[in-house]
Structures are given as structure tokens and as C-alpha cells.
Amino acid sequence: LPSFISTVIFAIQGIEFILPIENKMQHPQHFTSWCGINNVSIGFLTVLYSVTGFFGYAQFGDQTQGSVTLNLPNNNALAESTRLLSAIAILLSLGLSYYVPMEITWQMIADRVPPKFANWAQAAIRLNVLLVLLAIAIVAPQIEPFVGLAGSIGGGTLVVIYPVMLDVVFRWSTGDFGLFRWHLVKNCLLFMFGLFVLIVGTYFSVMEIVDSYR
């Protein structure tokens with residue numbers, strides 16, 4: 001269960017895109033409304049992953065691998081085209097994940113790089129990160145534990161713990177916690193859930209990684 005929760009959080013979270021997208025919107029209030037971009041996109045992803053996971057497990061059962069594309073036959077044109085489209089999707093979307101980390105990293109080293117080499121330096125940083133990810137993908141015998149580890153550490157902190165802590169801090173001075181202080185109760189429950197994902201999910205993911213190398 002902890003590994004499953006960590007994997008789900010990793011799959012549907014997009015914390016690195018939320019603030020950049022909201023800051024660039026002409027009407028930011030449409031992002032977090034009940035039928036806003038955030039809820040609609042998360043709902044769509046939930047349905048998409050649920051359908052894919054259901055039919056993938058219905059077809060392959062306990063033999064389902066970390067990515068269902070690995071279960072597809074090698075001598076089938078449709079299966080190969082699916083793998084190709086998956087690779088293209090990763091190639092085109094991976095750069096978006098660098099937006100926030102690159103902004104933070106570049107601010108730390110921008111003063112040390114001559115302006116004429118700025119583009120080359122950014123390209124070199126992105127290339128090095130890609131090489132590290134490629135090395136991990138080659139060395140890792142199984143992808144599932146690493147996905148769970150990323151979900152438990154990154155998802156538990158960035159998606160759950162930090163947002164509820166910031167919400168409490170901003171509401172504390174005004175005491176605006178709603179009727180029966182339900183915002184505070186909700187944040188406390190989410191904080192405990194985040195700690196559970198962080199601690200228990202990380203433990204089980206690390207144990208799975210250790211077992212995979214034995």
C-alpha cells in the first residue's frame with residue numbers, strides 16, 4: 001500500500017508546473033477553482049491512469065511490469081508504435097520538468113558564467129542531468145522502486161507537507177481557518193498523511209531497491 005500511494009502521487013503530481021503556469025495565466029483564479037485547470041487536469045490523469053492500469057493488469061495480471069509497455073510483444077507493429085509514441089512523449093515533456101530546477105540552479109551560477117556562454121552553460125547543465133537520469137535508467141534493474149522512492153520523497157514533501165505548512169503559516173496571523181477551524185483540521189490530517197508517505201513509502205521503496213540488487 002505505501003509503495004502504491006507513492007507511485008500514484010508520483011504519477012499524477014505536477015508540482016513543478018503549478019506555480020509557473022498560474023503565474024503566466026491571464027486569469028490565475030481559473031487555475032484553482034472547482035472546475036479550474038488544476039482539478040480538470042488531475043481528474044483527467046486519474047481517469048487515464050486508472051483505465052490504463054485496469055486493462056493492463058486485466059491482461060497481464062501479476063506479470064505486469066513497472067511500465068505496461070514492457071509487457072507488449074516485440075514483434076507487433078502496434079506495440080512498437082506504442083513504445084515509440086511513449087518515448088516521443090517523454091522526450092517532448094521532459095524538458096518541462098527542468099523549468100523550476102533550472103531557474104533555481106541558473107540563479108545560483110549565472111554571475112559566474114560570461115553572457116556569451118550562457119546558452120551553452122544551460123545546455124550543458126541540462127545534458128548532464130539527462131546523462132545522470134540515463135545512467136540511473138541503465139543501472140536500475142527495475143523501475144518500480146525508484147518511482148515509488150521519488151513519489152514518497154518528492155510527493156510526500158513538495159505535494160503534501162510543504163503546501164499544508166505554508167497554508168497554516170499564512171492563515172495563522174488572521175485566524176482564518178473557517179467554520180470549526182476545519183482548514184486547520186484538514187491540514188493536520190494532510191500533514192500526517194504526508195509524513196506517512198514520506199517515512200513509510202521511503203522505507204518500503206528502499207527495501208525494494210535493496211532486494212532487487214540481491
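The following dialogue goes through the features of a predicted protein model one at a time.

Me: What should I know about the model before reading any values?
Reply: This is a predicted model, in which local features need pLDDT of at least 70 and side-chain atom pairs count only at pLDDT 80 or more, while totals for chains, interfaces and linings use all residues. Residues are numbered from 1 along each chain as its sequence is written, and side-chain values use heavy atoms, with hydrogens and water left out.

Me: Where is confidence lowest, and where is it highest?
Reply: pLDDT is the predictor's confidence in each residue, from 0 to 100. Where it is low, the predicted coordinates should not be read in detail. In this protein the mean is 84, and 98% of residues reach 70 or more. Helix H2 (residues 15-24) has the lowest confidence, at a mean of 75, and H8 the highest, at 89.

Me: How many helices and strands are there?
Reply: Both are DSSP runs, numbered from the N terminus: helices are H or I with at least four residues, strands are E with at least two. The protein has 8 helices and 0 strands. Its C-alpha atoms fill a box of roughly 65 × 50 × 40 Å along the principal axes.

Me: What percentage of the residues count as buried?
Reply: Buried means under 20% relative accessible area, exposed over 50%, and partly exposed in between, with a 1.4 Å probe and protein chains only. Of the 214 residues, 21% count as buried.

Me: Is Asn-187 buried or exposed?
Reply: Asn-187 is buried because its relative accessible area is 4%. This residue sits in helix H8 (residues 182-212). Contact means heavy atoms within 4.5 Å. Leaving aside neighbours within four places in sequence, Asn-187 is in contact with Val-164, Asp-167 and Val-168.

Me: Which residues make up the largest nonpolar core?
Reply: In soluble globular proteins, nonpolar side chains tend to be buried together. A nonpolar core here is a set of buried Ala, Val, Leu, Ile, Met, Phe, Trp, Tyr and Cys residues joined through side-chain atoms within 4.5 Å. The largest has 5 residues: Met-102, Trp-106, Val-113, Ala-118 and Ala-121. Helix H5 (99-109) and helix H6 (118-139) are the elements that give two or more residues to this core. Not counting residues up to four places away in sequence, Ala-118 touches Trp-106 and Val-113.

Me: Is Asn-74 buried or exposed?
Reply: Asn-74 counts as exposed because its relative accessibility is 63%. Its place is in the loop between helix H3 (37-60) and H4. Beyond its neighbours within four places in sequence, Asn-74 is in contact with Glu-80 and Arg-83.

Me: What separates the C-alpha atoms of Gly-95 and Leu-130?
Reply: The two residues are 35 apart along the chain, and their C-alpha atoms are separated by 9.7 Å. Gly-95 belongs to helix H4 (residues 77-97) and counts as partly exposed, at 37% relative accessibility.

Me: Which phi value does Phe-180 have, and which does Arg-181?
Reply: Most residues other than glycine have a negative phi. Phe-180 is not a glycine, yet has a positive phi of about 55°. Arg-181 also has a positive phi, near 55°. Phe-180 counts as exposed, at 74% relative accessibility, whereas Arg-181 is partly exposed, at 42%.
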